[in-house]
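Here's a quick briefing to read alongside the model. Keep the 3D view open and follow along.

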Amino acid sequence: MAIKLGLGLSLLPVLIGFSFQFFMADQEIHLYRRYLLLLIFGVGCYAVLSGGFLYLNRKKRTAGAVVEEEEEQVPEEVSLDKQMGDRLVSSSGLESETATYSNRSTDQNLELERKPAEIDEDLHSRQLAVYGRETMRRLFASNVLVSGLNGLGAEIAKNIVLAGVKSVTLHDEEDVQMWDLSSNFFFSEDDIGKNRALACVQKLQDLNSGVTIQTMTKKLTKEHLSVFQAVVFTDVSLEEAMEYDEFCHNHQPPISFIKSEVRGLFGTVFCDFGPEFTVFDVDGEEPHTGIVASISNDQPASVYCIDDERLEFQDGDLVVFSEVDGMNELNDGKPRKIKNARPYSFTLEADTTNFSGYVKGGIVTQVKLPKVLHFKPLKVALKEPGEYLLSDFSKYDRSPLLHLAFQALDIFRNDFGRFPIIGSEEDTQKFIDLVAGININLGEDKLEKIDDKLLRHFANGSRAILNPMAAMFGGIVGQEVVKACSGKFHPLFQLFYFDSIESLPVEPLEANDLKPLNCRYDAQISVFGSKFQKKLEDAKIFMVGSGALGCEFLKNLTLMGVCCSQNGKLTLTDDDVIEKSNLSRQFLFRDWNIGQAKSTVAAAAASLINPLIHVEPLQNRASPETEDVFNDDFWESLSLVINALDNVNARMYMDMRCVYFQKPLLESGTLGAKCNTQIVIPHLTENYGASRDPPERQAPMCTLHSFPHNIDHCLTWARSEFEGILEKTPNEVNNFLSNPAEYASMMRNAGDAQARDLLERVFDCLEKERCETFEDCISWARLKFGDYFYDRVKQLTFTFPEDSITSTGTPFWSAPKRFPLALEFSSSDPGHLQFIVSASILRAESSRIPVPDWGINPKMVADAVDRVRVPTFEPKADVKIVTDANATSLSVASFDDADVIEDLIAKLEVCAKRLPRGFQMLPIQFEKDDDTNYHIDFIAALANMRARNYGIPEVDKLKAKFIAGRIIPAIATATALATGLVCLELYKILAGGHKVEDYRNTFANLALPLFSMAEPVAPKEFKHRDMKWTVWDRWIIEGNLTLRELLDWLSDRGLKAYSISCGTSLLYNSMFGRHIDRMDKKIADLARDVAKVEVPSWRRHVDVVVACEDDEDNDIDIPLISIYFR
């Protein structure tokens, strides 16, 4: 109908014009004005009608925020569609209580269907590394409802919008209250009295312009739900929830239903994804692989793999084989089950007795099969909850009680129309009685014991939604929505309960202290009390990093009121600037902030959430170089430190400083759907550096350069080549040209194989490979292709033919080595041409040569490259190829290195005279997040052609970007979960007085989902005589001691010092006779004169490390000694 109307309107002026010409053919001039007026009137009607139609149509199709006011007129008939591929949600129809639901006509489909949204890989690169393109496409086609825009609803909506679904509809019939400001970061005091959904919509839209945000402010009916793939409820009665869930469960196709609540320090999630839900990828991990070393002819068969890497297979896994030489029967692609999985072997549940004998080679790969889950409706799950998802095994019996408590709270609210009054003994007892009544009705399944104390805390805090709890559950539920829409990762099945009752202050809370103060923190005060709120506001915190973790922490701290008084202060430092790829997780930033300092923008955004926040943003890297900024006085003033970092070195430095100044440290990190938190408390727990992950295993240099066997090897090599030819070599060229004499002297002094190689690269770049035109760059690229993928392979296979035997008599080309084949260049091969185009453009850039318009046209470049003359390559017999896996350099030393270096220097001096005056190359630094700079194009082409040499599966540009760019997979949901958990621990630290068993370290994997909480490990304790100490202790000695006085001080404690150092210098060693002359010198003077340590004016002491023995000559690790000489 819409298209017909549009066509009719478009024909209207044509008809009017035709009529005008027809009637004017034989008319007098006095009739001209009459027809002209008719024409103007007709065109005017057309403009009004078509303009109105286009306005309505555009409004219906907008990708931006659509806010429907309750007074707005809505059509009586609105068609809503639900299809897996592409769905439309009309908020106008949802707002209309008289709306009817019907199928769209053909014309409506033509008008309203949209093409699938393109994935912005620059924006979503970190998320794509977790989900992949197919999952992202499913998300982009999904419509989600979030009902209840309290603090929890806001967190869920934020995470869903950042993930990038097609549309999010916000439903809420309530208005913003002062109470809401402590948990919903979208609200400000100006929003009080406005509808909660309407108050959120624009700020949510700012997070992601590609998601349609819509609102519903009237009562929700079951029929409204039919247009969504997933619906989330955060504040709905059980009766309504069961009604909605039953509709969703029985709908065709089923609608995923999620109900979640946060009540004080208690929370719950329930998921029902329908009677039959298929999980396409249970854990999101890449299929595990192994390289086969041998397979027996047995039943069952024994399979052994090379010990290059441990196998990750588990009993019951299905695997397939490929590239097996000899036992070809296994290459049929049929999945086979394994058992007895070991680090380097497993048993195959197959009879290989009559198979051909195994010869060599083979890849074994895990097969990941879809999993079908059968969910129970809420009504059934309440009576038959089954197994609960546990998070803390010290509370294994907590979930059944909370299952009853949340049901009792629902009954209480239905009976009294409100929550239990805070501090009301009468209401608390009614609530406890309700729990007891439900428990009795369970019959044989009833709980033997009910914890009244826990239920009192539950009742008193039940109205409050605390920000850390909302952040935590917002991450969990947000991830469940992604699972529901995509089938990626295993859903929560089906009930999860959690509490953090340990976060409460250890001292009993008085009823008067819990009363609201008519301020934005009233919800939090109702749980923790006003006295503790004052502690939060007066805290002095140092937060390092304002990226994804930092943005979440800042939001949490501002809502909690931390550092929100004149006595409190949050010092925020980050030396990084905002990039486009940050915007999909670091939600305090907008696209117009790209290029600005992260800490400054984040601090400004935090001030908009809570104007009372007292935050100082800095751009200093926390490191030894900035200890004059973050000096002793600064550290001594702190309440605690929060790490929001993304690298281990920075974490180790911050841990060292926290240990030194004995400050609590809140540590967290994420990797894809996984996250971990660690709480570091002085003298109570071990420090962060006490335990470290083992370093990642690096591939040997010879493997990368000559014997790759997986795509990671190819991409690592390609990244190294990029940096070598486009950054390091141009830098060396510039170093030489800037001061040829000094450069030559430096190379002569080095006189080794590495210096010879550097000079050869500089000479080749300036003489043999120098480019002056873009055509020269194409020639260079073509010759590089031949060198990389033909000449080197021919030389390698000439030196080591396929039938080569090692000194031990085994085939040289045994697994994991793969025999390579040289590539014959073809300009019609897209992979070959991608290499030429990208290499030519980057060579031109580094040579400061303009790229012509035709230089990015593959066809024209193909024509040009076909004209390049390539010399014939002949392998040489005397070439040495490094095969030692322990070699650290490919440079082979020679007895005539010095002569070669002299010859190269002489040639370079001649070459330099022929160059234009002031000639310099442009070193290119690798930048992974700009898809227009050809960096990833070149690396992907380089790696894929090498993979083709060795018969390794190639990868697309996106996968190449992840691996070569060393991109850390990241999603907003895991970040939200981690920061919520950390802030629950922050309550404990600032309250003080908690025992170590009250704290929790957490590892979580939202993909499974898995939550593993445990109390922190105590620090290692050292003992000597009657003294005890840990890593947290530092021995402080007042006075300007001499070396002799320090030795005597230690001797009095039964410690014989044999070595004393300061910084990297040795002040004293008992084996050095000359150190006796230092005995009567001041330690501070020795530090200055020997160690060259200048103690700044703001520091009163100098630190020394002492190595000691006891009376029995046993080494004793003693604490750092600080000598306060001022």
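Which strand and helices do the buried residues of H13 pack against? They pack against strand E6 (266–272), helix H11 (398–416) and helix H12 (425–440). This is a predicted model, where local features need pLDDT of at least 70 and side-chain atom pairs count only at pLDDT 80 or more, while totals for chains, interfaces and linings use all residues. Residues are numbered from 1 along each chain as its sequence is written, and side-chain values use heavy atoms, with hydrogens and water left out.

Helices (H or I, at least four residues) and strands (E, at least two) are DSSP runs, numbered from the N terminus.

**Helix H13**
- H13 covers residues 452–460, and its buried residues (buried means under 20% relative accessible area, with a 1.4 Å probe and protein chains only) are Leu454, Leu455, Phe458 and Ala459.
- Looking down the axis of H13, you'd find its buried residues within an arc of 135° (taken from the directions from the helix axis to the C-beta atoms), so they line one face of the helix.
- Aspartate 451 caps the N-terminal end of H13, with a side-chain oxygen 3.1 Å from the backbone nitrogen of lysine 453.

**Helix H29**
- In H29 (residues 935–949), 14 of the 15 residues are buried, so the rest of the structure largely encloses this helix.
- After H29 comes glycine 951, with a positive phi near 65°.

**The barrel**
- Six strands close into a barrel, in the order E8-E9-E12-E11-E10-E13, with antiparallel pairing (strands pair if DSSP finds at least two bridges between them).
- Strands E10 (residues 318–322) and E13 (residues 363–367) run antiparallel and are joined by five bridges.
- Phenylalanine 321 has valine 364 in E13 as its bridge partner.

Key: Buried means under 20% relative accessible area, exposed over 50%, partly exposed in between (1.4 Å probe, protein chains only). Contact means heavy atoms within 4.5 Å. A polar contact is a pair of N or O atoms within 3.5 Å; within protein, one must be able to donate a hydrogen and the other to accept it, and residues adjacent in sequence count only if both atoms are side-chain atoms.
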